[in-house]
Amino acid sequence: MQKHIREMEKLQKIKNVDNVKELENSKKMVKIWTDNIEKIKKEIKKIESR
């Protein structure tokens, strides 16, 4: 995920028209991964509390 975030930051600096679609895809992926990580953390807390 860190690699993808760095790629996204690099693309934001470039801001070429060609990279707009790639940048949007990167943002979506980072959001999905962040959401999934949060879900996993919640599940781990549930398991630990048992």
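Let's start in helix α2, which spans residues 19-49: Lys31 and Asp35 sit 4 residues apart there, so about one helical turn separates them. These two residues form a salt bridge, with 3.0 Å between the closest N and O atoms. Asp35 is partly exposed, at a relative accessible area of 34%. Keep in mind as you look around that this is a predicted model.

Now step back to see the whole chain. The protein chain has 2 helices and 0 strands. Helix α1 covers residues 2-14, and helix α2, where we began, runs over residues 19-49. Of the 50 residues in the protein chain, 14% count as buried. The accessible surface of the chain comes to about 4,600 Å², and carbon and sulfur atoms account for 55% of that surface.

With that overview in hand, let's return to the charged pairs. The count of salt bridges comes to 3, and the Lys31 and Asp35 pair is one of them. Glu38 and Lys41 are 3 residues apart in helix α2, about one turn of the helix. Glu38 is partly exposed, with a relative accessible area of 38%, and Lys41 is partly exposed too, with a value of 46%.

Next come Glu43 and Lys46. Here the closest N and O atoms of the salt bridge are 3.4 Å apart. Both residues lie in helix α2, and their spacing of 3 residues is about one turn of the helix. Are these two partners buried or partly exposed? Lys46 counts as partly exposed at 45% relative accessibility, and Glu43 counts as partly exposed at 42%. The labels follow from the cut-offs, because buried means under 20% relative accessible area and exposed means over 50%, with partly exposed in between.

Finally, let's visit the other helix. Lys10 lies in helix α1, and at 45% relative accessibility Lys10 counts as partly exposed.

Terms used. Residues are numbered from 1 along each chain as its sequence is written. This is a predicted model: local features need pLDDT of at least 70, side-chain atom pairs count only at pLDDT 80 or more; totals for chains, interfaces and linings use all residues. Side-chain values use heavy atoms; hydrogens and water are left out. Buried means under 20% relative accessible area, exposed over 50%, partly exposed in between (1.4 Å probe, protein chains only). Accessible areas come from the Shrake-Rupley method with a 1.4 Å probe; for residues, only the protein chains shown count as cover. A salt bridge is a side-chain nitrogen of Lys or Arg within 4 Å of a carboxyl oxygen of Asp or Glu.
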